[in-house]
Amino acid sequence: MHLEELIEQAVRCTSAAGNEHSELVRPLDGLVLLRQAAQRSIEVSLYEPVLCLILQGRKQVAIGEQTLSFGPGECLLVSHDMPVRSRITKAPYLALVLEVDVAIIRKLYDEVADAALGDERARAAEVHRADAALLDALRRYLALADAPSDAKVLAPLIAKELHYRLLVAPFGGMLRRLIRHDSDASAIARAIGHIRDDIRSPMAIPELARRVGMSVSSFHKHFKAITSTTPLQYQKELRLLEARQRLKTGGSSVTGAAFDVGYESASQFSREYARKFGVPPSYDLASPSTGAG
């Protein structure tokens, strides 16, 4: 019942945006509705901590060596910043996306300390069917889009409830590990932050491991277990995504984008770019007359 109500609310919100072809609507802070009328080719992007609940259609997401597929009533929970390849496999597609605030998760530590042990098999991306309590909280949160006065008071309360629901959910094992600052999940999150802060510099694995308090072997093990990829591959994914953004917004030439994100060889950059995105970097280069292209 909650899922049907959520679908009705989401359709109403996207329709109220004033453009029947509108694909992205932000009814509240931290909440996004995505709509797509037809299937598209594979998209490559960076997912920050997020919950994606599919209301209509199906989606496939590849993260490192892990591939996940989910449909109506199922949700994807991502706990760390992750480069992903995604594709809508069934349309029309409608999804509700909630940005996960790790700071809120950690503030809940004292209230869920007894259940704070995470599943050691948990990964940074998990798919599970949403239960009635989570759907109801999402329904009430989305309903606040039509009541701005109520939203000022109730939105922070329901947002906290939503984070609690995710934290104690069967697929919240990685979040439960994240609330402990001394956990491997927190260490890998810090490592990802260091990588993102300086994607241009060559990666020194021993130094990065030392900065997050791990041995090199332990760092490699936990990074791969959590992210389904290696630190070097992760950095390369970030570099290519950043370069693509620079090209599409007209901020760089192909050679400039390559050097800006840390490549020493423009030809190597072009090969890896084409391998990842299916087109050469020149294809995404913004036209001087159109700006972002």
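Analyst: One cut-off first: buried means under 20% relative accessible area, and exposed means over 50%. Note that this is a predicted model.

User: Is S228 buried or exposed?

Analyst: S228 sits in the loop between α8 and α9. The cut-off for buried is under 20% relative accessible area. S228 has 3% relative accessibility, so S228 counts as buried.

User: What distance separates the end C-alpha atoms of α8, residues 216-227?

Analyst: Helix α8 has 12 residues. At 1.5 Å a residue, α8 should therefore span 16 Å. The model agrees, with the end C-alpha atoms apart by 16 Å.

User: Within what arc do the buried residues of α8 fall, seen down the axis?

Analyst: The buried residues in α8 are F219, H222, F223, I226 and T227. Seen down the axis, they line one face of the helix, because they fall within an arc of 105°.

User: Which residues are exposed on the other side of α8?

Analyst: The buried residues of α8 are covered by elements including β4 (50-63), β7 (82-99) and α9 (231-248). The other side of the helix has exposed residues. They are S217 and K221.

User: At roughly what angle do the axes of α6 and α8 cross?

Analyst: α6 is among the elements that cover the buried residues of α8. From α6, D184, A185, I188, A191, I192 and I195 meet F219, H222, F223, I226 and T227 in α8. The two axes come within 10 Å and cross at roughly 90°. That makes α6, relative to α8, roughly perpendicular.

User: Where does α4 bend by about 50°?

Analyst: Helix α4 covers residues 148-168 and has 21 residues. From first C-alpha to last it reaches 29 Å, close to the 30 Å expected at 1.5 Å a residue. A proline, P156, follows the bend within four residues. The bend is at L154.

User: Which residues of α4 are buried?

Analyst: The cut-off is again under 20% relative accessible area. In α4 the buried residues are A151, A155, I158, A159, L162, H163, L166 and L167.

Key. Residues numbered from 1 in each chain as written. Predicted model: local features only at pLDDT ≥ 70, side-chain atom pairs only at ≥ 80, totals over all residues. Heavy atoms only, no water. Helix = DSSP H or I, 4+ residues; strand = E, 2+ residues; numbered from the N terminus. Expected span 1.5 Å × (residues − 1). Buried < 20%, exposed > 50% of the residue type's maximum accessible area, 1.4 Å probe, protein only. Arc of directions from axis to C-beta. Contact = heavy atoms within 4.5 Å. Bend = angle between axes of the 7 residues up to and from the residue. Axes fitted to C-alpha atoms, helices over the stretch in contact; angles between N-to-C directions. Parallel < 35°, antiparallel > 145°, perpendicular 65-115°, else oblique.
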